[in-house]
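Let us take a friendly walk through this structure, one stop at a time. Please keep the 3D view open as you read.

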Amino acid sequence: MVFDVGETLIDETRIFARWADRLGVPHLTLFGLIGAALERGDSLTSAFRQVKPDFDLAAESANWRRDEPGSMRENFDAGDLYPDVRPALAALRDMELRVVIAGNQPTQAGAALRGMGLPTDGIHVSEDWGVAKPDPAFFARVQEETGTRPDEILYVGDRVDNDVLPAKEAGMAAALLRRGMLGYRHATHPGADRADVVLDDLSQLVPWCAGRG
């Protein structure tokens, strides 16, 4: 069982709210701009550029660290975990399934996840690996780190493009989680039918796995 991070395990609401504060706009303004950008197929940062035309993510993050070295900034902690995460991961391990986290995240996110004491058998982030989804090399690294065949892996994420389709191409099973800004939209995506299961929350994963023996 391999899990994505953002909007699979981590509720990113507080992160984007802090970005709105940083950019000096109401939370709902930034959330609306992000939703519009995603609907157009644009990047998240394109929404930020509508507020600040010269926005550069790396430079802004560096400035933010300088201005607020003790704040959470664009990071997360255990308070951002969705409430179903710990019980679902624990239940899966009780079923003697290996539980691994592997997602597109910076190095500091890996450290934050490891500090939460989650019931997992491994935590990995793309910056440490030097490769990110949807690159097939990311999913090859997932297989390498788990030491299992692709057909023995279920990858769980909230996106069709980054999670479901590349996992299926790698020979893995895939679960699409219908939550977060992309999860709900991607559940209606033409590629969503490639998922082995579409979930409303992680608690549904436990009986689904049990039903597959």
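Arg73 sits in the loop between H4 and helix H5 (85–94); helices (H or I, at least four residues) and strands (E, at least two) are DSSP runs, numbered from the N terminus. Phi of Arg73 is near 50°, a positive value in a residue other than glycine. With a relative accessible area of 10%, Arg73 is buried; buried means under 20% relative accessible area, exposed over 50%, and partly exposed in between (1.4 Å probe, protein chains only).

Glu96 is not a glycine either, yet has a positive phi of about 65°. Its place is the loop between H5 and strand E2 (100–103). Is Glu96 buried or exposed? Glu96 is exposed, at a relative accessible area of 74%.

A word on the background: this is a predicted model, in which local features need pLDDT of at least 70 and side-chain atom pairs count only at pLDDT 80 or more, while totals for chains, interfaces and linings use all residues. Residues are numbered from 1 along each chain as its sequence is written, and side-chain values use heavy atoms, with hydrogens and water left out.

Another loop, between H7 and H8, holds Pro134. A cis peptide bond joins Lys133 and Pro134, with omega about 10°.

Now to the rings. Rings of Phe, Tyr and Trp (its six-membered ring) pair if their centres lie within 6.5 Å; planes under 30 degrees apart count as stacked, over 60 as edge-to-face and the rest as tilted. By this rule there are 7 aromatic pairs. One of them is edge-to-face: Phe139 and Tyr155, 5.4 Å centre to centre with 70° between the planes. This pair links distant parts of the chain, with Phe139 in helix H8 (residues 136–146) and Tyr155 in strand E4 (residues 154–157), 16 residues apart. Phe139 counts as buried because its relative accessibility is 1%, and Tyr155 counts as buried because its value is 0%. Elsewhere, Trp19, Phe48, Phe55 and Trp64 form one aromatic cluster.

The largest nonpolar core has 45 residues, and Phe3, Phe48, Leu113 and Leu205 have the most contacts inside it. A nonpolar core is a set of buried Ala, Val, Leu, Ile, Met, Phe, Trp, Tyr and Cys residues joined through side-chain atoms within 4.5 Å. Another core lies apart from it, with 18 residues, among them Phe138, Phe139, Val142 and Val160.

Lastly, the pockets. On a 1 Å grid over the protein atoms alone, a pocket is an open set of points where a 1.4 Å probe fits, with protein on both sides within 12 Å along at least five of seven lines; lining residues have an atom within 4 Å of a point. Grid points are joined across faces, edges and corners, and a volume is the space filled by probe spheres set on the points.

| Pocket | Volume | Lining residues | Among those nearest the centre |
|---|---|---|---|
| Largest pocket | about 1,100 Å³ | 40 residues | Glu12, Phe16, Leu44 |
| Second largest pocket | about 380 Å³ | 17 residues | Met1, Leu97, Glu152 |

H10 provides the largest share of the lining of the largest pocket, 4 residues. That lining divides into 16 nonpolar, 12 polar and 12 charged residues. Here Ala, Val, Leu, Ile, Met, Phe, Trp, Tyr, Cys and Pro count as nonpolar, Asp, Glu, Lys and Arg as charged, and the others, Gly among them, as polar. The lining of the second largest pocket has 10 nonpolar, 3 polar and 4 charged residues.
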